Amino acid sequence: MADRIIRMRQQLFDALRAKGTPGDWSHIIKQIGMFTFTGLNKEQVAFMTKEYHIYMTSDGRISMAGLSSRTIPHLTDAIHAAVTRAR
């Protein structure tokens with residue numbers, strides 16, 4: 001399980017970088033455990049919930065255990081939209 005979460009962190013980081021999402025996303029791969037602090041604010045989290053149906057704590061923590069290689073692209077699109085549209 002730990003190895004899978006590490007892979008999900010790396011895939012999310014790589015996808016955000018490949019998409020050109022503004023910000024330094026290295027904190028995603030530097031963290032450990034089942035949850036990741038994304039750095040998103042309350043407005044960005046609310047935007048992702050409303051527009052992309054992605055649910056996380058209001059302080060921007062998301063469960064890495066709930067991600068898969070299939071869901072990373074959707075999450076990446078949502079994060080990219082949140083940081084470029086919902087400030």
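Let's start with Thr36, which sits in strand 1, a run covering residues 35–37. Keep in mind that this is a predicted model. Thr36 counts as buried because its relative accessible area is 1%, and the cut-off for buried is under 20%. The side chain of Thr36 also makes a polar contact with the side chain of Arg9, at 2.4 Å. Arg9 turns up again in the list of residues that Thr36 touches beyond four places away in sequence, along with Ile28, Gln31, Gly60, Arg61, Ile62 and Met64.

Now for the nonpolar core. The largest one has 24 residues, and among those with the most contacts inside it are Trp25, Met48 and Leu75.

As a general point, nonpolar side chains in soluble globular proteins tend to be buried together.

Met48 is a handy place to look around. Setting aside neighbours within four places in sequence, Met48 is in contact with Leu40, His53, Ile54, Met56, Leu75, Ala78, Ile79 and Ala82. Of these partners, Leu40, Ile54, Leu75 and Ile79 are also named among the core residues with the most contacts.

What about the annotation? An unreviewed UniProt entry places the feature "domain: Aminotransferase class I/classII large" at residues 1–79. That span is 53% helix and 8% strand, and its end C-alpha atoms lie 24 Å apart.

Terms used
Residues numbered from 1 in each chain as written. Predicted model: local features only at pLDDT ≥ 70, side-chain atom pairs only at ≥ 80, totals over all residues. Heavy atoms only, no water. Helix = DSSP H or I, 4+ residues; strand = E, 2+ residues; numbered from the N terminus. Buried < 20%, exposed > 50% of the residue type's maximum accessible area, 1.4 Å probe, protein only. Polar contact = N/O pair within 3.5 Å; in protein donor to acceptor, adjacent residues only side chain to side chain. Contact = heavy atoms within 4.5 Å. Core = buried A, V, L, I, M, F, W, Y, C linked by side-chain atoms within 4.5 Å. UniProt positions renumbered as here; feature names shortened; annotations may be inferred.
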